[in-house]
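Work through the exercises below with the chain in view. Try each task before reading its solution.

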Amino acid sequence: MSINIDKNPESDVLPERIRRFPFPFTAEQYRYSANVEPAHKTVETEAGAWGAGLIDIDEFYLQELADRDQILTRDPSRMQVLPHMRPAVWDALTAVLSSMAEDYPDTMSFHREGNTCRWQNTLQNLNIEFTAGDDDSLPGGPMRFLGSQIQDDIVLLDIREDTMWLDAGLVSFAADWSFSFDVGMNFLEIHGPVPRVKEENIVRRAEQFLMRLQPGEQFRRTNWTMTIGQRLDTSTETYPEWGPDRGTIATDPDLPDKLHLRVEVQHLIRLPHTGVVMFLIRSYLLSLTDIAKVPVWREKLGHVLAELPEDMAEYKGIIRYRKAASDWLLAS
Ligand code: HEM
């Protein structure tokens with residue numbers, strides 16, 4: 001006789017997008033906290049697991065990179081590198097490529113001799129040689145190239161005057177903020193619009209923690225919001241394309257398919273050579289219909305949405321439909 005010890009007997013048949021989803025809630029209510037933990041630790045969920053590696057490549061890899069490419073062509077302001085950050089971009093690129101080669105040895109390899117580097121990525125039929133430090137040796141320069149290899153958005157923060165400054169990055173999939181507006185701001189200014197975190201001293205404590213990271217150290221945290229449609233680019237710049245849906249989704253009969261829980265797995269890494277802090281944001285979307293296939297997720301998200309304080313719901317932009325979403329989840 002075999003005993004089924006699986007927490008969710010259905011998990012064998014769940015699709016990858018659900019099994020690999022980084023469901024962020026451990027309780028039935030959610031508050032902000034300085035939720036930073038060491039990276040590279042597998043987290044088991046009721047449906048599967050996530051978090052073993054740094055760069056996560058999934059079934060949406062090529063599609064998301066194609067979307068990013070189009071976004072950057074339409075709006076080059078999504079990528080910016082202040083001049084003093086050029087060495088940090090190379091630091092970021094070489095650190096990320098060697099980590100990918102380690103995690104995906106069957107499809108990727110990275111070799112470096114002096115400044116001559118060779119990168120192979122068979123998922124893109126790519127075999128390319130470049131010179132670390134020479135911006136002209138890569139198509140579009142090193143930041144654009146890094147953004148063409150990973151699904152994560154990239155932010156680089158310089159440390160000066162006991163503060164972190166957002167001085168470079170490539171962000172195509174911002175969740176309701178504007179990268180180009182934030183370039184040049186410090187950590188406290190960036191978090192200016194977020195309710196509660198200043199009063200609760202969360203931002204200053206997080207910043208102090210990050211500035212004490214040792215070169216090469218890697219941490220991570222999750223963040224979440226909701227997105228209508230299978231859409232990663234919900235930046236301030238494209239608000240007219242996605243903002244109006246917030247007013248109509250509550251009464252839309254397709255709400256369970258259209259409304260997605262959006263989770264960001266954010267990595268925080270002190271780069272080994274320049275000491276700059278690299279912030280990677282990997283965004284995942286899962287529809288309420290899919291969430292409801294995992295009974296514990298359905299209940300937890302239903303309760304979190306119902307209980308979330310007004311100021312947090314307002315900031316996240318979910319205030320007009322969170323009741324409809326939680327009613328559906330808790331009734332289904
Ligand atoms: C070091 C790199 C980080 C960068 C570049 C960054 C950037 C941002 C940005 C741009 C926003 C959106 C602000 C807006 O609405 O305009 C945000 C939100 C937020 N950040 Fe950070 N952040 C970083 C790290 C952290 C850390 C370590 C914490 C830990 C407490 C944190 C906590 C938050 C919270 C609570 C929000 C609100 C999220 C929401 O409710 O959707 N951030 N961050």
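A residue is buried if 20 or more other C-beta atoms lie within 10 Å of its own, exposed if 12 or fewer, and partly exposed in between, with C-beta atoms placed from the backbone. Helices (H or I, at least four residues) and strands (E, at least two) are DSSP runs, numbered from the N terminus. This is a predicted model: local features need pLDDT of at least 70, side-chain atom pairs count only at pLDDT 80 or more, and totals for chains, interfaces and linings use all residues. Residues are numbered from 1 along each chain as its sequence is written.

**Exercise 1.** Find which residues of helix α7 are buried, and where they lie on the helix.

*Solution.* Start with the span: α7 covers residues 202–211. Its buried residues are V203, A206, E207 and L210. Seen down the axis of α7, they fall within an arc of 100 degrees, so they line one face of the helix. (The arc is that of the directions from the helix axis to the C-beta atoms.) The general rule: an α-helix has 3.6 residues a turn, so residues three or four places apart point the same way. Last, look at the cover: it includes β9, α6 (187–190), β11 (259–270) and β12 (277–287).

**Exercise 2.** Trace the open sheet of seven strands and find its edges.

*Solution.* The order is β1-β10-β11-β12-β8-β9-β4, with antiparallel pairing. Two strands pair if DSSP finds at least two bridges between them. β1 (37–38) and β4 (79–81) each have a single partner strand, so one side of each is left without a neighbour in the sheet.

**Exercise 3.** Describe how β8 is joined to β9 and to β12.

*Solution.* Take β9 first. Seven bridges join β8 (residues 153–160) to β9 (residues 163–170), and the two run antiparallel. D158 has W165 of β9 as its bridge partner. The two strands form a hairpin with two residues between them. In the turn, E161 has a positive phi of about 50 degrees. Now take β12. It pairs with β8 over five bridges, in the antiparallel sense. Here L156 is partnered by M278.

**Exercise 4.** Which residues are closest to the ligand, and which elements each supply at least two residues of its shell?

*Solution.* The shell holds 24 residues (C-beta atom, placed from the backbone, within 6 Å). The closest are W177, P193, V194, A206 and F279. β8, α7, β10 (218–228), β12 and α12 (310–316) each supply at least two shell residues. A206 is also one of the buried residues of α7.

Key: Contact = placed C-beta atoms within 7 Å.
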